[in-house]
Amino acid sequence: MAVTQTLRSGAWRVVELITTPLVPADYLDAVAPLRNPSVLRAKIEAAHPETADSVTLTLRPGRGWRPHVPGQYVRLGVDVDGVRLWRSYSVTSAPGGRDGRFTVTVNAVPGGKVSTHLVRRARAGTIVHLDLPAGEFTLPATRPGKALFVTAGSGITPVMGMLRSHLDELGDVVVVHSARTPEAAVFGAELRALAGQGRIRLIERHTATQGRIKAADLDELVPDRAERETWACGPNELLDDIEAHWAQTGAGGPLHTERFRPTVVADGAAGGSVTFTRAGKTVAAGGGEPLLDAGEAAGVLMPSGCRMGICFKCVLPLREGAVRDLRDGQLTVAEPGDNIPVQTCINAAAGDCRIDL
């Protein structure tokens, strides 16, 4: 056995020498892109339109994948116009799909490069890069007797993953969902069917005719709100309102919120030029534009993660200049020769600066 393995290893090295600068692993990745457990990828097996501006993608992950917990999200790396961009999307299917298959549902965001690309151009057979599931917007091991889910727009996606997985374990469920119109409600037909079967109580709010829902409205819409454990996901304005209302009233069960973007408090108008030293690129960036977005727009391959200031996967060294934290306005200043780590997803240029990438 040892002799055979030695011969195989030697033969492999010979092939690598012959095929330099590409090695056999490179060719295998091209032929079988899901085989490499150290470079996680997925193949899009189906793209199913949900609404005019949303699509559900069925993904078959490669080696190295691990199943998600309902409510979690995954990061997808997508090549758009020659630049690899990473975005996070909630898993909308229950775990345990055949060969690890799972689904994510993407809403096209105005000006969103990745979401628009996936909704308009994703096709079966496309290979995307993938990261392992993450996030804590999940149900507890001991399921609540009464649950309230408050969602708006694409905020329904993590909740749908929970409902598809655990609805039978939840005794009393109220879903308050807000969308512009009935037709624009992602999973609207499925939610209405569950309500028709008596499995959930569904309250829909259509903002085009009824206006946006307020946290105070929930006291009237859900009279027993204080008895319910609540999960809320949607635009920051809605979540800020809910968190403030829960704190002010002092009534209600545990509240869990999931944000797709950080709350921007400081949106300075100044900005400056950002130089990515190793990439050799300089780009003008506004005072409200995250360094991460500025780099990606310039075609720089930027590390990223949650894009919300939580996971710290986007941290890069600030070598010179000043940046401003978009959440609280705090300045970080580096003198020439400094090496100060900054989160690029929640910091913007506050003058000219140099980033070591």
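This is a predicted model: local features need pLDDT of at least 70, side-chain atom pairs count only at pLDDT 80 or more; totals for chains, interfaces and linings use all residues.
1. Residues are numbered from 1 along each chain as its sequence is written, and side-chain values use heavy atoms, with hydrogens and water left out.

2. Where does Glu229 sit? Look for it in strand β10. Helices (H or I, at least four residues) and strands (E, at least two) are DSSP runs, numbered from the N terminus. Glu229 has a relative accessible area of 15%, so it is buried. In this note, buried means under 20% relative accessible area, exposed over 50%, and partly exposed in between (1.4 Å probe, protein chains only).

3. Leaving out residues up to four places away in sequence, Glu229 touches Pro140, Pro144, Lys146, Ala147, Leu148, Pro254 and His256. Contact means heavy atoms within 4.5 Å. Also have a look at Gly145: its C-alpha atom is 8.5 Å from that of Glu229, although the two are 84 residues apart along the chain.

4. Now zoom out for a moment. The protein has 9 helices and 17 strands, and 46% of its 357 residues count as buried. Among contacts between residues at least 6 apart in sequence, 65% join residues at least 24 apart.

5. How many salt bridges are there? The count comes to 25, where a salt bridge is a side-chain nitrogen of Lys or Arg within 4 Å of a carboxyl oxygen of Asp or Glu. One of them joins Glu296 and Arg87, with the closest N and O atoms 3.3 Å apart. Glu296 belongs to helix α9 (residues 291-297) and Arg87 to strand β4 (residues 83-90), so this pair ties together parts that are 209 residues apart in sequence. Glu296 is buried at 6% relative accessible area, and Arg87 counts as buried too, at 14%.

6. Another salt bridge brings together the side chains of Arg205 and Asp217 (3.7 Å, N to O). It links distant parts of the chain, from Arg205 in strand β9 (residues 201-206) to Asp217 in helix α7 (residues 217-221), 12 residues apart. Buried or partly exposed: what is Asp217? With a relative accessible area of 24%, Asp217 is partly exposed, whereas Arg205 is buried at 16%.

7. Some salt bridges join up. Lys146, Asp172, Asp224, Glu227 and Arg228 are linked in a network of them. Within that group, the side chains of Asp224 and Arg228 meet at 3.0 Å, N to O, and both residues are buried.

8. Gly250 follows α8 and has a positive phi, near 65°.

9. Which residues of α8 are buried? They are Asn236, Leu238, Leu239, Ile242, His245 and Trp246. The buried residues of this helix pack against β7 (146-152), α7, β10 (229-233) and β11. For background, an α-helix has 3.6 residues a turn, so residues three or four places apart point the same way.

10. Arg259 is worth a click. It is in the loop between β11 (255-258) and β12 (272-276), and it is buried, with a relative accessible area of 15%. Its side chain makes polar contacts with the side chains of Asn236 (3.1 Å) and Glu243 (3.0 Å).

11. Finally, the rings. Arg225 lies over the face of Trp246, at 4.0 Å from the ring centre, and Arg164 lies over the face of Phe187, at 4.8 Å. The rule for a charge over a ring is NZ of Lys or CZ of Arg within 6 Å of the ring centre and within 35 degrees of the ring normal.

Key: A polar contact is a pair of N or O atoms within 3.5 Å; within protein, one must be able to donate a hydrogen and the other to accept it, and residues adjacent in sequence count only if both atoms are side-chain atoms.
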